[in-house]
Structures are given as structure tokens and as C-alpha cells.
Amino acid sequence: MFRRIYRAWVISRTKSAAKQIATQLTARDLKDIGVSRGQIVSRSLETVRKEFEQAEIERANKASRVLERAGLHTLYRFFT
């Protein structure tokens, strides 16, 4: 539940920050970069979503590991 709230908060902040940056750029700056104002926002959101998906995949892979020998050192490494 907290991950979903955090994810929604980060995405909304990313969107507002990207919109603010896009409005501050001049038409010449945008032409030099080679993107439009809308593309700045959409690419920013796409990047953040991909990072969240990758983190979720890594978390799932880490959780699905099978402990070979459950000593204290192994448990410590598994949970940190």
C-alpha cells in the first residue's frame, strides 16, 4: 500500500517538475534539444515508470531466492 502511495507521489511530482521545466524553456531551446514541450513530460514519466518497474522486478527476484543454508550470516545478507 505504501509503495503505491509513494509511487503515485513520485510520478505526480515528476510530472509537475517536467511541466515547470518545459514552460521555462524557450522555443529555440526546445528546437536545439529536438523535443516538444509535451515530449519532455511524457519522456520523464516514462523514465520514472521504467525505473519503478525495474526496481519491482529486482525486489521480486530477491524475494524468490531460496536460502541454501540459513545461518545468521546468510539471513543477514538476505534481508539487507
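Helix H1 (2-24) and helix H3 (37-63) each supply at least two residues to the lining of the second largest pocket; helices are DSSP runs of H or I with at least four residues, numbered from the N terminus. This is a predicted model, in which local features need pLDDT of at least 70, side-chain atom pairs count only at pLDDT 80 or more, and totals for chains, interfaces and linings use all residues. Residues are numbered from 1 along each chain as its sequence is written, and side-chain values use heavy atoms, without hydrogens and water.

**Pocket**
- The second largest pocket holds about 180 Å³ of space, a volume being the space filled by probe spheres set on grid points joined across faces, edges and corners.
- A pocket is an open set of points on a 1 Å grid over the protein atoms alone, where a 1.4 Å probe fits, with protein on both sides within 12 Å along at least five of seven lines; lining residues have an atom within 4 Å of a point.
- Its lining includes Arg3, Arg7, Phe52 and Glu56.

**Salt bridges**
- There are two salt bridges (a side-chain nitrogen of Lys or Arg within 4 Å of a carboxyl oxygen of Asp or Glu).
- Arginine 7 pairs with glutamate 56 at 3.9 Å, N to O; arginine 7 lies in helix H1 and glutamate 56 in helix H3, so the pair ties together parts 49 residues apart in sequence.
- Glutamate 46 pairs with lysine 50 at 3.2 Å, N to O, and the two are four residues apart in helix H3, about one helical turn.

**Threonine 14**
- Threonine 14, in helix H1, contacts Ser44, Leu45 and Val48, leaving aside neighbours within four places in sequence (contact: heavy atoms within 4.5 Å).
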